Amino acid sequence: MFDHEPSRYAGKVAFVTGGSSGIGRATALAFARQGASVVIADISEDGARETERLIEAAGGKALAVRCDVSRSGDVKAALDALIKAYGRLDFAFNNAGVEQELTPTSEIDDADWERLIGINLRGVFLCMKYEIPLMLNVGGGVIVNTSSGAGVADVRGQAAYCASKHGVIGMTKATALDYADKNVRVNAVCPGIIETPMMDRFSGGAPEGRERVIAQEPIGRMGKPEEIASAVMWLCSEGAGFMVGHALVVDGGQTIGI
Ligand code: NAD
């Protein structure tokens with residue numbers, strides 16, 4: 001039960017995109033455990049409601065909002081709902097994302113490229129665009145954007161995904177410079193192979209596919225969503241107050257030497 005946990009973020013409000021599943025759900029739960037009220041914005045309304053239910057069942061406060069992060073109007077409406085419910089924004093985890101099937105560049109369909117970049121890159125831009133003024137209204141805040149090992153290394157058959165995740169890091173650093181002196185800290189997290197529904201789809205979920213992706217991990221296993229959530233919580237903490245524009249790789253050693 002969250003009731004037994006310290007309330008480090010009591011009275012504070014967190015916005016988590018892609019909070020219906022995987023890394024986003026684990027992070028929404030972690031914010032709630034610390035005492036923050038959490039708005040879960042996701043294209044999957046049922047999934048967002050389930051995260052809301054999990055948080056409330058454990059004694060936390062949450063609001064599920066259906067939101068397609070690639071649509072400006074949806075992102076603005078989700079943050080309007082957050083302000084209506086809780087009155088302020090302190091933390092944002094811009095995490096919603098989609099994977100790319102292994103496809104050589106010349107065979108990537110134009111529409112698939114637009115969709116992936118629209119969600120993974122434009123989605124993060126739109127979130128920051130509407131989050132930052134709300135944070136400035138309360139004297140500051142912290143943003144963490146989800147990049148990937150594929151944001152710092154290059155992966156065969158992943159041109160669209162790599163472009164989006166490299167782009168997230170560039171956008172994170174540029175935005176961090178824009179707002180560093182205004183008490184809005186912006187950083188990125190770069191997960192390695194994490195055991196989530198996305199990784200199940202990517203690996204095919206069968207033992208053979210799982211072994212193939214685990215073989216990329218020097219640590220010899222997949223990461224847990226909670227291990228990314230804990231990095232996000234640290235980036236949002238006062239202890240990380242001097243972290244600005246950093247891309248924090250949390251990957252079991254996957255990208256060492258790349
Ligand atoms: P997941 O598929 O379990 O969760 C992704 C969430 O994003 C889902 O809840 C989905 O409904 C939501 N989503 C998808 N499109 C959306 C849209 N247009 N608008 C709003 N929400 C949308 O995946 P995950 O593994 O938890 O991934 C979370 C993030 O971490 C993604 O950005 C992903 O690229 C990144 N990542 C994952 C891994 C991994 O190994 N799992 C590794 C590196 C980076």
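## Exercises on the ligand site and an aromatic pair

Of the 30 residues around the ligand, those that come nearest are Ser 21, Asp 42, Tyr 161, Ile 194 and Thr 196, where a residue is near if one of its heavy atoms lies within 4 Å of the molecule. The model is predicted, with local features needing pLDDT of at least 70 and side-chain atom pairs counting only at pLDDT 80 or more, while totals for chains, interfaces and linings use all residues. Residues are numbered from 1 along each chain as its sequence is written, and side-chain values use heavy atoms, with hydrogens and water left out.

**Exercise 1.** Find polar contacts of the ligand, a polar contact being a pair of N or O atoms within 3.5 Å.

*Solution.* Begin with the backbone: a polar backbone atom of Asn 95 is 2.8 Å from an oxygen atom of the ligand, and a backbone N or O atom of Ile 43 lies 3.3 Å from a ligand nitrogen atom. Then turn to side chains, where a polar atom of Arg 201 lies 2.9 Å from an oxygen atom of the ligand. The protein buries 94% of the 830 Å² that the ligand exposes when taken alone, accessible areas coming from the Shrake-Rupley method with a 1.4 Å probe.

**Exercise 2.** Describe the shell around the ligand by element and by residue class.

*Solution.* Start with the elements, which are DSSP runs numbered from the N terminus (helices H or I, at least four residues; strands E, at least two). Those that give two or more residues to the shell are α1 (22-33), α5 (159-179) and α6 (197-203), and the largest share, 4 residues, comes from α6.

**Exercise 3.** Characterise the aromatic pair of Tyr 9 and Phe 91.

*Solution.* First count the pairs (ring centres within 6.5 Å; planes under 30 degrees apart stacked, over 60 edge-to-face, the rest tilted): the structure holds 3. The pair of Tyr 9 and Phe 91 is tilted, at 4.7 Å centre to centre and 45° between the planes.

Terms used: Polar contact = N/O pair within 3.5 Å; in protein donor to acceptor, adjacent residues only side chain to side chain. Nonpolar A, V, L, I, M, F, W, Y, C, P; charged D, E, K, R; others polar. Phe/Tyr/Trp six-rings, centres within 6.5 Å; stacked < 30°, edge-to-face > 60°.
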